[in-house]
Amino acid sequence: MHEAPVVADDPLEGALEVGDEDRVDLLVDRHSGGRVRHVDEHGGSLPAPDRPAHRFGDVDELGVARGREAELLHPAYPTDRVASEAPTSRELDDFRQQADRFIAAVDEEYYLHFAGHKPTLELEAIYADFEELTRVETARRLEGAPTELWRFACESYLGGLTRSHQERLAQVETELEVTIAGGQIPYRMLRVALANEPDRARRERLELARLELLDERLNPLYMEAALIDREAVASLGAPNYYELYKRFGFGLDELASQCTALLDETESLWVKAGDRLFRERLGIGLADARPFDVPRLLRAPELDVSYRPEQMLPALEATLTDLGIDLRSQKNVHLDLEQRPGKSPRAFCAAIEVPAKVMLVIQPIGGHDDWEALFHEAGHTEHFAHTSEDLPMEAKRLGDMAVTEGWAMLMQHLVDEPAWLTRRLDVPQVAKIANAGAVSLLYFVRRYSAKLLYEIEFFQSDDPASMRPRYAELLTEALKLPANPESYLDDIDGSFYVTGYLRSWAFEAQLRDFLRGEFGNDWFARRSAGDLLRELWSLGQQPTAEALLADVTGARLELASVGDRIREGLAA
Ligand SMILES: [Zn+2]
């Protein structure tokens with residue numbers, strides 16, 4: 001969630017995931033049109049990398065909702081022309097080729113910058129070279145193309161329109177800082193500072209200062225971008241961003257009803273388990289907790305002694321070896337291990353060429369969340385590195401992001417898996433770690449469920465500013481923590497990426513069950529399980545998470561499985 005260079009995420013995906021604040025920690029950036037997005041919510045004990053990029057995605061995906069004037073100005077795009085003028089196969093191949101080179105160039109630039117090889121992140125020239133990709137005519141022309149290509153063209157067009165906003169947001173974020181007793185803290189470091197701040201009163205002051213800057217300096221830019229997006233969506237022939245994504249095949253309503261059910265079904269569980277973890281780690285109950293306590297809750301410094309920096313990479317290598325993968329001898333996987341100034345402190349994956357050149361960038365700091373980030377990124381890395389090179393561009397680089405996120409989650413969750421901990425790590429309290437991991441997953445799945453419900457309403461609303469109290473209402477209800485209404489714009493993930501994470505958690509829960517049934521509780525140590533994973537990874541992003549799961553297990557992808565997985569962890 002959150003953004004570094006590249007991993008995969010969405011349409012153009014090179015996602016970068018770099019850690020950040022309190023998001024799921026992945027930066028996934030998708031660059032369609034320059035979006036890099038990030039979702040990351042892990043603790044964030046690490047200094048955040050300087051990622052001018054991460055806002056790109058957030059903004060350009062701020063989406064669009066409708067606007068009456070916009071509709072008047074842009075009559076619905078005549079869909080009947082698609083049938084008579086569907087793009088030719090030659091046009092499609094040209095588009096694939098262009099998109100492929102564009103994504104490679106952007107991902108390489110992210111890699112160079114976030115790995116510390118290059119102080120600046122220069123995307124302008126790349127966008128200039130591929131200007132054709134961001135034209136509205138291109139997006140309209142591709143309406144009859146394979147959906148992933150059409151979506152990429154639309155997202156590139158929308159992203160291109162707000163690129164200057166993204167850059168200004170990045171610029172402002174870089175310049176802002178908070179003065180607090182003891183010194184000045186850059187805006188982007190505030191979340192990290194919260195995670196590392198044991199003093200609650202200081203956490204509160206940091207948060208208030210952050211929210212004030214967000215509201216005064218950044219929200220006006222987010223709003224401008226949101227309004228531009230709204231109008232632009234109309235020019236793509238859709239009444240709003242939500243409807244546009246339904247046309248792309250996103251099952252938003254079905255997923256939303258699963259989210260509502262999960263929120264209901266796990267509410268008392270969250271109240272009880274969340275309260276217990278807050279008391280245990282911070283000495284306060286859930287009823288007294290505030291959002292600024294969450295990064296500290298997830299930081300868990302007491303686990304640092306078990307999750308040591310020097311053991312991270314050896315543990316990953318040994319885990320992959322058990323699955324039949326020799327990380328060091330993979331010619332298409334480039335391990336970037338050197339220390340250098342400016343390098344992102346959090347692991348990230350940049351799939352510059354799929355599968356020929358996948359970068360896994362590491363600068364081990366240690367701690368539970370750093371291990372999670374490394375294993376998560378390694379999941380993306382192995383997925384892209386094993387993707388068949390014979391697939392079409394859209395199956396290698398675009399497609400359903402829940403698939404690559406699912407592979408990343410499968411690896412990430414090993415770090416809390418009792419059987420894996422017993423085998424790989426000398427930790428005293430395996431059950432306690434599994435239990436805390438379940439609480440953390442519960443927090444995130446409830447938070448993302450509420451985010452999806454909010455985003456669906458936000459993008460259909462006639463007046464985005466009116467959604468501010470609604471954001472706080474939905475998030476507060478889900479988390480039982482008084483959410484900050486100031487985040488009603490910056491907490492939106494463009495391209496409904498939130499659906500990728502939600503579905504990836506279900507994918508992970510159900511696939512893990514299957515793997516345990518098939519290969520035993522220590523499936524991750526079975527060569528035959530590795531053979532199966534390699535076979536599935538070779539499919540790239542071609543099948544959706546639903547199709548992949550049905551094919552392997554015969555089951556339907558269901559969010560309820562995440563609730564079952566959480567209950568299992570809590571019972572550990
Ligand atoms: Zn990811």
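Helix 20 (430–460) and helix 21 (468–479) are roughly antiparallel to each other, since angles over 145 degrees count as roughly antiparallel, under 35 as roughly parallel, 65 to 115 as roughly perpendicular and the rest as oblique. Their axes come within 9 Å and cross at roughly 155°; axes here are lines fitted to C-alpha atoms, for helices over the stretch in contact, and angles run from 0 to 180 degrees between N-to-C directions. Helix 20 passes helix 21 in a right-handed crossing, a label given when the near helix is turned clockwise from the far one by less than a right angle, anticlockwise being left-handed. The contact is made on one side by Arg446, Arg447, Ser449, Ala450, Leu453, Tyr454 and Glu457 of helix 20, and on the other by Arg470, Tyr471, Leu474, Leu475, Ala478 and Leu479 of helix 21. Two residues are in contact if their C-beta atoms, placed from the backbone, lie within 7 Å.

A word on the basis of these values: the model is predicted, with local features needing pLDDT of at least 70 and side-chain atom pairs counting only at pLDDT 80 or more, while totals for chains, interfaces and linings use all residues. Residues are numbered from 1 along each chain as its sequence is written. Helices (H or I, at least four residues) and strands (E, at least two) are DSSP runs, numbered from the N terminus.

The loop between helix 20 and helix 21 holds Ser461. This serine, Ser461, is partly exposed, because 17 other C-beta atoms lie within 10 Å; a residue is buried at 20 or more such neighbours, exposed at 12 or fewer and partly exposed in between, with C-beta atoms placed from the backbone. Ser461 and Asn240 are 221 residues apart in sequence, yet their C-alpha atoms are 9.0 Å apart in space.

Helix 20 also packs against helix 12 (residues 252–265), the two axes coming within 9 Å and crossing at roughly 135°. Helix 12 and helix 20 are therefore oblique to each other, and helix 12 passes helix 20 in a left-handed crossing. Leu252, Leu255, Ala256, Cys259, Leu262 and Leu263 of helix 12 meet Val445, Arg446, Ser449, Leu452, Leu453 and Ile456 of helix 20.

Another helix pair is formed by helix 8 (residues 163–175) and helix 10 (residues 200–235), whose axes come within 10 Å and cross at roughly 170°. That angle makes helix 8 roughly antiparallel to helix 10. His165, Arg168, Leu169 and Val172 of helix 8 contact Arg217, Leu218, Leu221, Glu224 and Ala225 of helix 10.

Turning to the strands, an open sheet of 3 strands has the order 5-7-6, with mixed pairing. Strand 5 and strand 6 stand at the edges, each with a single partner strand, so one side of each is left without a neighbour in the sheet. Neighbouring strands of this sheet are turned by 20° against each other on average, direction ignored. Two strands pair if DSSP finds at least two bridges between them. Strand 5 (residues 333–336) runs parallel to strand 7 and is joined to it by 4 bridges, with Met359 as the bridge partner of His334. Strand 6 (residues 348–353) runs antiparallel to strand 7 and is joined to it by 5 bridges; here Val358 is the bridge partner of Ala351. A hairpin links strand 6 to strand 7 through 3 residues. Strand 7 (residues 357–361) is mostly covered, with 4 of its 5 residues buried.

Helix 4 (residues 89–114) lies across strand 6 and strand 7, at about 145° to strand 6. Helix 16 lies across strand 5, strand 6 and strand 7, at about 170° to strand 7. Helix 16 (residues 368–386) has 19 residues and reaches 27 Å from its first C-alpha to its last, close to the 27 Å expected at 1.5 Å a residue, the expected span being 1.5 Å times one less than the number of residues. Helix 16 is largely enclosed by the rest of the structure, because 19 of its 19 residues are buried.
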